[in-house]
Amino acid sequence: PSGRADVRVAIRPRSLLPDGWAVDIALADAAMRWEGFPYRLDGLRGGVRARADGGAFDLAGGHGDCALRMRGFLPLAEPAWRARGFHVDVEVEGIALDDDLRTAVAVLAPEVDGPWRRSAARGALGGRVRGWRAAEDLPLRYDATLALREVELALPAAPWTAQGLTGTVHIGDVARGTRIGFDGVRGRLAHGGAPPADLALLGAGELGGSGAEELAFVVRGLALDRQLGATLEELGALGAGTWRQLRPSGSVDLVCRHRRDGDDRAPLRLEVSLREVRSDAPMLPRQAESMVGVLGVDGGEVRLRRLQARLGGAPGLVRDGRIRALPAPDLRTEVAFTVDATGVPVADGFANLFSGPLQRAVLQRQLLGRADLDGLRLRFRLSPGGGPTETQLAGRLRVVDLDVTLGAGADSIVVEGLTGDVAIGESTVADDGGSLRGRLR
C-alpha cells in the first residue's frame, strides 16, 4: 500500500472490546499492489476494519479506465481461518486486456500466460471475481464470471482472428490448472482478405498440465476462398489438394466441433450448410451453381446426402457423395457422387469427365444437345494438377436433340437430333485407356 489514510485506533478493557483493541482505516486516495496479484490499483477509497481475528475491507479504486470494487475478509488468527477463511469478492468494469493484467494473472495462474501471449488479446472485460483460501497453507482458489467487451484474439490458425467478441466467460481453477468456459460468446471471424463472418463460440478448455478442450464454433456467412481452403487442409479437415480440386466459391454456414484431451486429439468435425455455392471443379461438364444443402466433414473426409444444384442452368440433385484424399502412396483426390438432373446442356464440357484418349475422342465428336441424368454414378480420381486420371461411371441418361460429329475434317459428317436412352454399365476409363459399356435405345 501507499498514500494517505485516516486511522482510528481504539484500546479498551477486554470487558468492553473483545481482545482489547480495534483499528479502523479510511482511505481517500491511496494505491495498492498485492504480491499475489501484482496489478496496481490507484485512487483507492473505502475502509479497512481490523480486529484481533482479522481484517474486513470494502475498497474501490481503478487502473487506467478500469473501475473496481472489492470486499472481503483476511484472517489474522487461526480460529478465524477455521471459521471464515480468506475471501474476497471483486466487481470490475472496463478492465483492459493489456500487459499489466497479463503479468498479474501470470502470477496467480502461470498456465494462462503462454496462450494469452499467443492470442495477442485486446479489448476489455467486466464482471465478478471471487477468491478464497480455506487455510493459510492452502493455495488460493478462484472463479470469475466476466463479460467480454469488443475483444479481439489471434486464433491458433493464422491469419484468422476473432473480432468484436461479446458474451460471458467463466474462469476457475481446477486440479490441472485453469478452466475457461465460453457461454454465448459472439463476434466476427476474419482473416483480412474477405468480409468477416458472424461467429458464436460455446464450450470450455483447460490450461495447465496436458490441457484439454471441447469447443463448438458456429459461423454464418463464411466466404469460400483460398485462405479458408488452406486452413482446412492445414487443420486436417480436408485432404491435401481437395480445395484446389473442388474450386468452390460463395458462402456457407458451418458448425465446427473440436475436442482434445491431452495428446488425444479427435478429428475436426464440420457441418457445412451451403448458401448459393458454386463449384468450378475441372472434372464437371459445366459449372455447378446455386448449390444448397448440407455437407459433413470428419477427419479429412467430406460426405453429402443431398444437394440441390443447377448444372449448366439445369436443375439437379447431387446425392450420396464422398470426397477424400487417397492414402499414401496414392496422392490423388477421390470424388464420388450420384446425380439426377433434367435438361443438362451437352457440349464440349462433357469431355471433362474423362482423361487421355477418351477425352480427346469426346471433344472430336463436338457434342451439342441436352441430356436428362437418372442416377448417374460418377467416381473420379484426380491428380494434384486438377484433371481426372481415372473415371468410373454407371447409370442412365436420356439424350434429347443431340448432334454428334463423326469423323474429322472434310470427311466428317454430323448426325443431328439424336434422342433416346443410354444405359451405362460399370465402366472405368483412365489415362492409359479403358472402356465404356452399355446400351443405346
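A: The model is predicted, so local features need pLDDT of at least 70 and side-chain atom pairs count only at pLDDT 80 or more, while totals for chains, interfaces and linings use all residues. Residues are numbered from 1 along each chain as its sequence is written, and side-chain values use heavy atoms, with hydrogens and water left out. With a salt bridge taken as a side-chain nitrogen of Lys or Arg within 4 Å of a carboxyl oxygen of Asp or Glu, the count comes to 32.

One of them joins D58 and R69 at 2.9 Å, N to O; D58 lies in strand β4 (residues 54-63) and R69 in strand β5 (residues 66-75), so this pair ties together parts 11 residues apart in sequence. Strands here are DSSP runs of E, at least two residues long, numbered from the N terminus. On a scale where buried means under 20% relative accessible area, exposed over 50% and partly exposed in between (1.4 Å probe, protein chains only), D58 is partly exposed at 29%, and R69 is partly exposed at 33%.

A further salt bridge brings D173 and R141 to 2.4 Å, N to O, and it links strand β9 (residues 161-174), which holds D173, with strand β8 (residues 141-154), which holds R141, 32 residues apart. D173 is buried at 15%, whereas R141 is partly exposed at 36%.

R377 pairs with E426, their closest N and O atoms being 2.7 Å apart; R377 lies in strand β20 and E426 in strand β22, so parts 49 residues apart in sequence are tied together. R377 is partly exposed at 39%, and E426 is exposed at 57%. Finally, salt bridges with shared partners join D58, R69, R71, E91 and R128 into one network.

Technical notes
Helices (H or I, at least four residues) and strands (E, at least two) are DSSP runs, numbered from the N terminus.
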